Amino acid sequence: MSTLPPNFNPLNTRKKISTLTFRQKKERGEPIAVLTGYDYPTALALDQAGIDAILVGDSLGMVVLGYENTLPVTMEEMLHHCRAVARGARTALLIGDMPFMSYQVSKEDAVQNAGRFLQQGGMEAVKLEGGRERLDAIRAILGAGIPVMGHLGLTPQSVNLLGGFRPQGRTAIAAGRLLEDALLLEEAGCFSLVLESVPARLAEVISKRLAIPTIGIGAGAGCDGQVLVSHDILGLFDRFTPKFVRQYADLHTAMQTAFTSYIADVQNRNFPAQEHTVEMPDEEWEELIDKLEG
Ligand code: KIV
């Protein structure tokens with residue numbers, strides 16, 4: 001058994017985190033820690049560990065459901081996992097990631113689907129990808145009283161348009177456009193902004209220009225907070241580990257060891273042992289067997 005880190009807070013005595021807390025943390029210069037979560041036990045562990053926000057990301061599609069990318073993920077799949085996370089978390093801000101085609105078609109669709117994340121998924125905010133082309137949808141969702149987190153840079157739902165999962169904002173034109181988009185999202189009312197796979201210096205400039213916190217993933221240390229996919233830091237996603245991930249555990253190997261040991265124990269009759277067995281006092285058993293045998 002490993003020892004718990006000193007900042008572990010099993011009773012979770014922290015105050016509830018809100019979108020306002022995000023803003024206050026930026027003002028105080030305190031980094032914001034965000035991770036993705038997709039189920040009840042992980043949400044419980046994230047919350048007890050003291051995470052600021054749990055993002056139920058549409059990365060769900062790749063790391064939990066085994067899809068090639070995030071495009072096949074549906075509203076129903078997202079809501080199913082959001083509900084599980086909401087049952088496990090108490091203090092973290094809960095953010096639901098709007099899946100492909102749930103906000104791109106019309107602003108009416110966008111509001112309705114964002115509303116489902118709060119009404120049916122137990123979330124407190126939504127995230128959606130894109131810049132100037134999403135302003136109508138973002139304003140409409142905010143108009144319904146739903147906080148929105150933006151997402152710029154490498155936006156995985158546009159993987160086909162971007163020509164793959166590749167870093168963004170590397171030319172003067174692309175960097176300028178990214179900065180403009182960031183300012184537009186802030187002006188529209190987003191409470192925070194994910195910057196994914198953009199040069200660290202650009203992310204730092206954007207973070208300094210915005211009053212809302214930037215949450216980086218592969219965007220360097222100049223962002224106001226960081227987000228990673230939990231399965232990546234736990235060593236649970238087998239296909240690839242992005243360069244910007246620090247792996248904190250190797251749960252895939254831990255699972256394989258546990259499963260292999262269990263199988264061997266069953267095959268060798270080492271499991272179940274006495275302590276896993278329900279026993280009956282002799283007299284009770286004799287009485288029972290007498291009755292059974294008539
Ligand atoms: O879906 C996701 O997990 C995300 C984060 C990586 C930002 O969008």
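Which residues of helix α6 (residues 135–143) are buried? I started my notebook with that one.

**Entry 1: ground rules**

I am working with a predicted model, where local features need pLDDT of at least 70, side-chain atom pairs count only at pLDDT 80 or more, and totals for chains, interfaces and linings use all residues. Residues are numbered from 1 along each chain as its sequence is written, and side-chain values use heavy atoms, with hydrogens and water left out.

**Entry 2: helix α6**

I looked up the buried residues of α6 and found L135, A137, I138 and I141. Viewed down the helix axis, these buried residues fall within an arc of 160°, so they line one face of α6. The arc is taken from the directions that run from the helix axis to the C-beta atoms. I then checked the face turned away from the buried side, and it carries the exposed residues D136 and G143. My cut-offs: buried means under 20% relative accessible area, exposed means over 50%, and partly exposed is in between (1.4 Å probe, protein chains only).

**Entry 3: the whole chain**

I noted twelve helices and eight strands in the chain. Helices (H or I, at least four residues) and strands (E, at least two) are DSSP runs, numbered from the N terminus. The chain has 294 residues, and 44% of them count as buried. I also boxed the C-alpha atoms along the principal axes, which gave roughly 85 × 40 × 35 Å.

**Entry 4: the ligand**

Which residues are around the ligand? I listed T36, L55, G57, D58, S59, D97, K127, H151, V194, I217 and V229. A residue counts as near a molecule if one of its heavy atoms lies within 4 Å of it.

Next I looked up polar contacts, which are pairs of N or O atoms within 3.5 Å. Within protein, one atom must be able to donate a hydrogen and the other to accept it, and residues adjacent in sequence count only if both atoms are side-chain atoms. The side chain of S59 has an N or O atom 2.5 Å from a ligand oxygen. For D58, a polar side-chain atom lies 3.0 Å from an oxygen of the ligand. For K127, the distance from a side-chain N or O atom to a ligand oxygen is 3.1 Å. On its own the ligand has 260 Å² of accessible area, and the protein covers 95% of that. Accessible areas come from the Shrake-Rupley method with a 1.4 Å probe; for residues, only the protein chains shown count as cover.

S59 counts as buried because its relative accessibility is 14%. S59 and D282 are 223 residues apart in sequence, and their C-alpha atoms are 56 Å apart.

**Entry 5: salt bridges**

Side chains of opposite charge can pair when their charged atoms come close. My rule for a salt bridge was a side-chain nitrogen of Lys or Arg within 4 Å of a carboxyl oxygen of Asp or Glu. How many salt bridges does this rule give? The count comes to 13.

I picked out D224 and K26, whose side chains meet at 2.8 Å, N to O. D224 is in the loop between β7 (214–217) and β8 (225–228), while K26 is in helix α1 (residues 19–28), so I logged a link between distant parts of the chain, 198 residues apart. Both D224 and K26 are buried.I then looked up E180 and R132, which form a salt bridge with the closest N and O atoms 3.1 Å apart. E180 lies in helix α8 (residues 172–188) and R132 in the loop between β4 (125–127) and α6, so the pair ties together parts that are 48 residues apart in sequence. E180 is partly exposed at 43% relative accessibility, and R132 is partly exposed at 27%.

K208 and E204 also meet in a salt bridge (3.0 Å, N to O). They sit four residues apart in helix α9 (residues 200–209), which means about one helical turn separates them. K208 counts as exposed at 66% relative accessibility, whereas E204 counts as partly exposed at 34%. I also noted a network of salt bridges that links K25, R28, E30 and D52.

**Entry 6: a surface patch**

I found a nonpolar patch on the surface, formed by M255, F259, Y262, I263, V266 and F271. Together they have about 560 Å² of accessible area. Patches are made of residues with over 30% relative accessible area and no salt bridge; like charges are joined within 9 Å, and nonpolar side chains (Val, Leu, Ile, Met, Phe, Trp, Tyr) within 5 Å. F271 is in the loop between α11 (251–267) and α12 (282–292). F271 is partly exposed, with a relative accessible area of 34%.
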